[in-house]
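Let's walk through how to read a surface, one feature at a time. Have the viewer open as we go.

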Amino acid sequence: MRTLAFLAGGMPGIAEIGIIALILVLLFGARKLPALAHALGSSLTEFKKGGREGERQEDKSSPHETAKEPEKGNDSSHAKS
């Protein structure tokens, strides 16, 4: 029962990591795991790079200063002459 306890929000222990590694070896084979890990790392790198570029474009398109709203008590357009 403790083996899948990390699915409820806890950190996986040594036993859980071992089981996951065994399942990965059985599914993909020992020869394909390094290529799979490399592809996963490359994908993660590209994802982070895209996120940083998106933030830069968002920063360029949005103004840095916001327009100040007039104060409620000092609005001269509604003053009587």
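**Reading the surface**

The protein exposes about 8,000 Å², and carbon and sulfur atoms supply 61% of it. Keep in mind that this is a predicted model.

Q: How many helices and strands does the secondary structure come to?
A: Start with the overall elements. Here there are two helices and zero strands.

Q: What share of the residues counts as buried?
A: Buried means under 20% relative accessible area. In this protein, 2% of the 81 residues count as buried.

Q: Which residues form the nonpolar patch on the surface?
A: For a patch like this, look for nonpolar side chains with over 30% relative accessible area that are joined within 5 Å. In this case they are Ile19, Ile20, Ile23, Leu24, Leu27, Phe28 and Leu36, which together have about 590 Å² of accessible area.

Q: Which helix gives the most to the nonpolar patch?
A: That's helix H1, residues 14-28, with six residues. Ile23 is one of the residues in helix H1, and it counts as partly exposed because its relative accessibility is 44%.

Q: What does Val25 touch, leaving out residues up to four places away in sequence?
A: Contact means heavy atoms within 4.5 Å. By that test, Val25 touches Ala30 and Leu33. Val25 also sits in helix H1, and at 36% relative accessibility it counts as partly exposed.

Q: Which residues form the positive surface patch?
A: Lys and Arg are the ones that count as positive. The patch here is made of Lys48, Lys49, Arg52, Arg56 and Lys60.

Q: Where is Lys48, and why does it count as partly exposed?
A: Look in helix H2, residues 33-61, to find Lys48. Its relative accessibility is 48%, so Lys48 counts as partly exposed.

Definitions and conventions. Residues numbered from 1 in each chain as written. Predicted model: local features only at pLDDT ≥ 70, side-chain atom pairs only at ≥ 80, totals over all residues. Heavy atoms only, no water. Patch = residues over 30% accessible without salt bridge, like charges linked within 9 Å, V, L, I, M, F, W, Y side chains within 5 Å. Areas by Shrake-Rupley, 256 points an atom, 1.4 Å probe, with all protein chains shown as cover. Salt bridge = Lys/Arg side-chain N within 4 Å of Asp/Glu carboxyl O. Charge placed at Lys NZ, Arg CZ, Asp CG, Glu CD. Helix = DSSP H or I, 4+ residues; strand = E, 2+ residues; numbered from the N terminus. Buried < 20%, exposed > 50% of the residue type's maximum accessible area, 1.4 Å probe, protein only.
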